[in-house]
Amino acid sequence: MGSGRPSGARWIAVPLLLVATSASAVAGDGWRGHGLYRHPEGSWYRPYEELPPLPEGIIGTVRPRPDAGPVGRINTMQDVFKALQACWRPPRGSGYSGQEITLRLSFKRNGEVLGRPQITYYKPGTEGEQREPFTRSIREAFERCTPFPFTESFGAAIAGRIFAFRFVDARPM
């Protein structure tokens with residue numbers, strides 16, 4: 001008795017108590033670690049459908065379109081790209097040079113550009129040294145058209161989200 005070691009009954013009782021406690025947590029209200037809950041009749045279920053993850057960014061292509069008209073209040077992603085397409089005027093004489101630039105940026109909820117846009121990709125065109133006029137035309141499009149006239153709800157939804165605008169000076173496919 002005085003050996004300082006637990007008796008055999010204690011060695012058995014402690015593991016049984018741990019098993020009983022964990023089994024009651026699983027059989028109880030829910031299996032919280034996995035989002036599963038138990039119906040009264042015994043089947044397991046998830047209380048809601050899992051939502052698909054949001055994309056890391058919004059990506060779209062902007063091509064020259066001389067007949068693009070102005071866009072009013074912007075309330076969809078498609079409207080953002082239409083508005084930019086209406087504002088962008090490729091450099092004169094480029095004549096579908098084949099250049100491409102991908103620009104990453106975000107907007108504030110009021111339609112202003114947030115931070116400094118980054119050029120993440122450039123593909124030279126068929127003619128030599130057209131990069132400067134091409135990038136200038138894109139910068140001027142943002143200066144001319146921003147802040148975009150976002151609706152209040154749309155501005156709140158996309159504020160801070162990353163957009164990737166791919167400007168292509170090529171004939172539409």
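This is a predicted model: local features need pLDDT of at least 70, side-chain atom pairs count only at pLDDT 80 or more; totals for chains, interfaces and linings use all residues.
Skipping neighbours within four places in sequence, I found K123 in contact with G98, Q99 and E100. K123 lies in strand β6. Is K123 buried, partly exposed or exposed? I noted 34% relative accessibility, so K123 counts as partly exposed. I also checked K123 against V168: they sit 45 residues apart in sequence, and their C-alpha atoms are 9.3 Å apart in space.

Next I looked at what β6 pairs with. Strand β6 covers residues 113-123 and pairs with β5 in the antiparallel sense, over 7 bridges. One spot I picked out was I101, which stands opposite Y122 in β6. β5 and β6 make a hairpin with 5 residues between them. In the turn I found G111, with a positive phi of about 95°.

Then I moved to T102, which is in strand β5. Its relative accessibility is 15%, and buried means under 20%, so T102 counts as buried. Leaving out residues up to four places away in sequence, T102 touches Q118, I119, T120, Y121, A164, F165 and R166.

Last, I looked up the largest nonpolar core. How many residues does it have? I got 25, and those with the most contacts inside it are V80, F107, F142, F148, F165 and F167. Elements that each supply at least two residues of this core include α2 (77-87), β5 (100-107), α3 (131-145) and β7 (162-168).

Terms used:
Residues are numbered from 1 along each chain as its sequence is written. Side-chain values use heavy atoms; hydrogens and water are left out. A nonpolar core is a set of buried Ala, Val, Leu, Ile, Met, Phe, Trp, Tyr and Cys residues joined through side-chain atoms within 4.5 Å. Buried means under 20% relative accessible area, exposed over 50%, partly exposed in between (1.4 Å probe, protein chains only). Helices (H or I, at least four residues) and strands (E, at least two) are DSSP runs, numbered from the N terminus. Two strands pair if DSSP finds at least two bridges between them. Contact means heavy atoms within 4.5 Å.
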